[in-house]
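Please keep the sequence and the three-dimensional view at hand while reading.

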Amino acid sequence: MAKPKVLVLKPLPEEAKTIIRERCTMIEPEESHISRERLAELISDVDGLLTNDIRIDSELLDEAKQLKIVSNQSVGYNNFDLAAMKARGVIGTHTPYVLDGTVADLVFALILAAARRVPELDSLVKQGKWGEPGNGGEAHYGVDVHHATIGIVGMGRIGEAVARRAALGFDMKVLYSNRSRKPDAEKAYGAQYRSLEQLLEQSDFVVLMAPLTSETAGMIRIEHFERMKPTAVFVNASRGQLVDEPAMIDALQRKLIYAAALDVYETEPVDAGNPLLSLPNVITLPHIGSATAQTRFDMAMVAANNLVGGLLKDRQIYIVPELQ
Ligand code: DGY
């Protein structure tokens, strides 16, 4: 029997390629940027696709008549048009679990960097300004993280990993808002359930950890920033489109909140002219939540297994909940 044909649009380690090549014919285009026309050509006769950023919608599926599975090399799958995939019986998979701790670590990197003004003070030292009057003194004091209140919006696996670090590592009071209560997290980390509004009013650090869906898009608007404490730090390491970005910029410019620490943006890569890049109370990272060598390796292995398993039905795979 002919091997299924799969298109791989992400760089993979050799180990992941081996998993795929053992059972499939793998197409790996050499170009770093693939035009829409080229994609249509490449996808026309493949059974599987490995990606994490291509929009999988009706238009694309019309050109991919043989496609049976899209394996996303990420936990998020907001690039899937779930209704279109469901209508055509195309499986969609993702890479949960392997990145939970890594993303939670990054959330804490952002929290600590904003609270203790790490990038600002790092740059001051490197510019040779440490010895100048006032530098490193009261004007540069930060805020405490330990024993502060953290509010986690979206208590999925990564949210819980953040709660664990907050409660057990930093003695923080943990609040959370979520579609459903999480009794295990309440017991293990003393996490207290709040409405979104209560959480915003009571938290020193507001961490957005929700998935991007049609219900959550734009969920944090100006009225939400207005509810936060003027000393609050807002952290987003999930998806930029969850936030009304102009409203966040307005809130930062008007100092409705103390700072924002961001790994994600409405448009990525973030535009060089975006006002977020010139605000002193904003810390910016280039969407690196899961970007450690080990975790990216693990994600590639899971994505490769999902791709092959989805076609051969010979192993456990991680189909996204809405398509199960
Ligand atoms: C994910 O896996 O969804 C992370 O945002 C990394 O892309």
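Which residues does N281 touch, not counting residues up to four places away in sequence? The answer is given below, after a note on the model.

## Basis of the report

The model is predicted: local features need pLDDT of at least 70, side-chain atom pairs count only at pLDDT 80 or more, and totals for chains, interfaces and linings use all residues. Residues are numbered from 1 along each chain as its sequence is written, and side-chain values use heavy atoms, with hydrogens and water left out.

## Residue N281 and its loop

N281 touches L252, I257, Y258, A259 and A260, when residues up to four places away in sequence are not counted; contact means heavy atoms within 4.5 Å. N281 is placed in the loop between strand 11 (259-262) and strand 12 (282-284). Helices (H or I, at least four residues) and strands (E, at least two) are DSSP runs, numbered from the N terminus.

Why does N281 count as buried? The reason is its relative accessibility of 15%, since buried means under 20% relative accessible area, exposed over 50%, and partly exposed in between (1.4 Å probe, protein chains only). A polar atom of the N281 side chain lies 3.4 Å from the backbone oxygen of L252. Such a polar contact is a pair of N or O atoms within 3.5 Å; within protein, one must be able to donate a hydrogen and the other to accept it, and residues adjacent in sequence count only if both atoms are side-chain atoms. The loop between strand 11 and strand 12 also holds P269, and the peptide bond from E268 to P269 is cis, with omega near -5 degrees.

## The ligand and its surroundings

The ligand is surrounded by S74, V75, G76, L99, R239, H287, S290 and M299, where a residue is near a molecule if one of its heavy atoms lies within 4 Å of it. By class, this shell has three nonpolar, four polar and one charged residues. Ala, Val, Leu, Ile, Met, Phe, Trp, Tyr, Cys and Pro count as nonpolar, Asp, Glu, Lys and Arg as charged, and the others, Gly among them, as polar.

A backbone N or O atom of V75 is 2.7 Å from a ligand oxygen. The side chain of R239 has an N or O atom 2.8 Å from an oxygen atom of the ligand, and a polar side-chain atom of H287 also lies 2.8 Å from a ligand oxygen. The protein buries 88% of the 230 Å² that the ligand exposes when taken alone; accessible areas come from the Shrake-Rupley method with a 1.4 Å probe, and for residues only the protein chains shown count as cover.

Among the buried residues are D100, V103, F108 and A115. From its first C-alpha to its last, helix 5 reaches 23 Å, close to the 22 Å expected at 1.5 Å a residue; the expected span is 1.5 Å times one less than the number of residues.

Helix 7 (residues 157-170) has 14 residues and should span 20 Å at 1.5 Å a residue, which agrees with the 19 Å between its end C-alpha atoms. I158, G159, E160, A161, V162, A163, A166 and A167 are the buried residues of helix 7. These residues pack against helix 5 (100-115), strand 6 (149-153), strand 7 (173-177) and helix 8 (183-189).

## Residues with positive phi

Most residues other than glycine have a negative phi, and most peptide bonds are trans. After helix 7 comes D171, with a positive phi near 50 degrees, and after helix 5 comes R117, with a positive phi near 55 degrees.

H287, in the loop between strand 12 and helix 12, has a positive phi near 50 degrees. With a relative accessible area of 30%, H287 is partly exposed. K313 is found in the segment after helix 12 and has a positive phi of about 55 degrees. K313 counts as exposed because its relative accessibility is 61%.

## Two further buried residues

L307 lies in helix 12 (residues 293-312) and is buried, with a relative accessible area of 0%. L307 and L49 are 258 residues apart in sequence, while their C-alpha atoms are 7.4 Å apart in space.

Q73 is located in the loop between strand 4 (69-72) and helix 4 (82-88), and its relative accessible area of 9% makes it buried. Leaving aside neighbours within four places in sequence, Q73 is in contact with residues including K10, L50, T95 and M299.
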